[in-house]
Protein chains: 2
Amino acid sequence: MNRLELFQQIKLKKSYLCVGLDTDIEKIPAHLLNTNDPIFEFNKAIIDATKDYCIAYKPNLAFYEALGIKGWESLKKTIDYIPNNCLIIADAKRGDIGNTSALYAKAFFNELKADAVTVAPYMGKDSVTPFLNFENKWVIVLALTSNEGANDFQTSLLEETSAPLYEKVIRAVQSWGNEDQIMFVVGATRAEQFLHVRSLAPNNFFLVPGVGAQGGDLKAISKAGFNNQCGLLVNSSRQIIYAGKEEDFDSRAGKEARKVQQEMEVLLSEAGLI
Amino acid sequence: MNRLELFQQIKLKKSYLCVGLDTDIEKIPAHLLNTNDPIFEFNKAIIDATKDYCIAYKPNLAFYEALGIKGWESLKKTIDYIPNNCLIIADAKRGDIGNTSALYAKAFFNELKADAVTVAPYMGKDSVTPFLNFENKWVIVLALTSNEGANDFQTSLLEETSAPLYEKVIRAVQSWGNEDQIMFVVGATRAEQFLHVRSLAPNNFFLVPGVGAQGGDLKAISKAGFNNQCGLLVNSSRQIIYAGKEEDFDSRAGKEARKVQQEMEVLLSEAGLI
């Protein structure tokens with residue numbers, strides 16, 4: 001899915017919601033544990049219930065890897081099940097020397113058939129650029145994350161510019177590829193920096209974690225982060241997928257996703273984007 | 001394996017070699033492709049041929065993930081096959097928010113049964129510390145990597161100290177855990193910085209990639225990097241595992257590992273460590 005198609009989906013669904021599939025075997029409803037593949041059954045029901053209200057799904061690889069080979073099977077089935085009109089983001093936070101990153105790109109784009117993969121920038125250019133050689137695929141680079149640890153290094157000021165490290169990351173990554181290939185992770189818990197980050201990357205989409213369970217404010221980050229193609233994919237994981245714990249977990253997840261979609265519709269409309 | 005046991009293995013085998021299992025289906029000898037699990041058959045033969053000359057194995061996760069579920073099966077079998085007296089390093093370069101890093105730790109330490117996992121520090125404290133809660137397991141944090149991209153961010157000078165980012169990473173990570181839990185990745189291609197890095201982390205083991213194919217000099221980095229427990233795990237991947245391309249690939253790999261071990265024996269002896 002390219003950038004224009006993504007914006008078209010946003011306008012069609014009046015939503016820029018990404019549902020995070022952080023599916024934890026210890027948190028899914030008990031009645032699913034008797035099925036052959038509880039993780040996939042849970043995801044399938046969540047996808048059915050939420051697909052009209054979101055434009056992307058983001059399976060978090062850790063949740064699947066923690067279950068070993070069985071987890072990878074569930075992940076593959078989940079990705080195959082996600083409708084074509086939704087962007088599939090493998091939240092993997094990979095990054096390694098060139099020949100290794102090239103293999104990760106192959107793993108996520110060709111083998112798993114994800115549309116996008118999250119990448120950590122610490123190892124620099126040759127760890128990021130191998131992900132750019134795939135048509136209509138996206139690399140989503142960690143810039144300013146939503147967690148407390150973001151303050152340990154990402155916001156450290158650099159001597160050469162008196163600007164924070166994340167700013168150097170955004171500027172450097174933009175010189176390696178364009179806004180049709182690259183998105184950035186910008187945490188919703190950083191509302192005060194959001195305007196600044198948008199000024200650094202006016203045309204890139206941002207994947208925004210941290211709304212909901214982590215406390216980020218949808219309205220504030222939308223107003224600061226919108227560009228003329230919306231430019232935001234706001235992720236919500238736990239708040240949606242664990243909205244219910246009983247047999248009606250899927251309809252509760254659907255309701256929660258719909259609630260977020262409706263808030264987004266108002267914000268998109270107020271901004272003149274729909 | 002704890003720090004003392006690791007040093008004991010180094011003294012016993014007169015080696016601080018780590019063999020990198022970057023096993024690429026496109027590079028292994030043709031006769032193995034007819035077997036049921038070529039990747040595992042290759043690794044098994046390499047392990048049999050090199051286990052007396054090395055103290056650690058480092059499967060690079062990307063090479064296995066690129067093959068999907070089958071790759072994970074090969075990886076699991078490989079890890080199960082590695083002898084108990086060798087440290088098993090899952091070279092995964094993971095790192096995510098706290099609850100997710102905790103799952104990665106579970107995936108690598110409990111599910112795969114690796115002894116150590118490499119972690120990227122960009123997301124800060126809560127992305128690293130979940131890996132520390134496992135007895136006799138190791139987290140190996142990227143500090144100064146061997147690739148060219150290391151110069152993009154890792155060596156950027158910070159305003160607060162005029163010191164490079166990697167120095168802040170090393171200092172911060174040391175405040176989160178101790179030398180019985182934490183190692184650092186320090187590239188062999190950075191000989192000029194090696195002494196400085198050792199001064200920052202006198203007691204930690206370093207995992208040192210970049211000797212061999214990437215051009216690092218074993219003698220120089222050993223002299224700069226040794227501490228009183230050796231303190232180095234020097235990795236070699238391609239130079240050893242692809243020493244031969246025919247049916248005798250394993251004996252050639254063994255010979256190459258033995259050659260490196262013999263160089264290491266001289267260096268250990270000159271340093272008074274054995």
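Analyst: What follows starts with the contact and then moves into the chain behind it.

This is a predicted model, in which local features need pLDDT of at least 70, side-chain atom pairs count only at pLDDT 80 or more, and totals for chains, interfaces and linings use all residues. Residues are numbered from 1 along each chain as its sequence is written, while chains are lettered from A and ligands numbered from 1 in the order in which they are written.

Take the two copies. Superposing chain B on chain A takes a rotation of 180° with 0.0 Å of shift along its axis, and the RMSD is 0.0 Å. The two copies are thus related as by a two-fold rotation axis.

Now the contact. Two residues are in contact if their C-beta atoms, placed from the backbone, lie within 7 Å. Chain B gives 50 residues and chain A gives 50 residues. On the side of chain B that touches chain A, the elements giving two or more residues include α4 (69-81), β3 (87-94), α5 (98-111) and α8 (165-176) of chain B. Helices (H or I, at least four residues) and strands (E, at least two) are DSSP runs, numbered from the N terminus. The most comes from α5(B), with seven residues. By class, this side of chain B has 21 nonpolar, 14 polar and 15 charged residues. Here Ala, Val, Leu, Ile, Met, Phe, Trp, Tyr, Cys and Pro count as nonpolar, Asp, Glu, Lys and Arg as charged, and the others, Gly among them, as polar. Of the interface residues of chain B, 100% are also interface residues in chain A, so the copies meet through the same surface.

Zoom in on one residue. A:R94 sits in strand β3 of chain A. A:R94 is buried, with 28 other C-beta atoms within 10 Å. A residue is buried if 20 or more other C-beta atoms lie within 10 Å of its own, exposed if 12 or fewer, and partly exposed in between, with C-beta atoms placed from the backbone. Leaving aside neighbours within four places in sequence, A:R94 is in contact with A:Y104, A:V117, A:V119 and B:K93. The C-alpha atoms of A:R94 and A:S127 are separated by 8.8 Å, though the two are 33 residues apart along the chain.

Just after α1(A), A:K14 takes a positive phi of about 50°.

Step back to the whole chain. Chain A has twelve helices and eight strands. Buried residues make up 56% of its 274 residues. The largest nonpolar core has 192 residues, and A:I140, A:V141, B:I140 and B:V141 touch the most other members. A nonpolar core is a set of buried Ala, Val, Leu, Ile, Met, Phe, Trp, Tyr and Cys residues joined through C-beta atoms within 7 Å.

Technical notes: Copies are superposed by least squares on the C-alpha atoms of residues with pLDDT of at least 70 in both.
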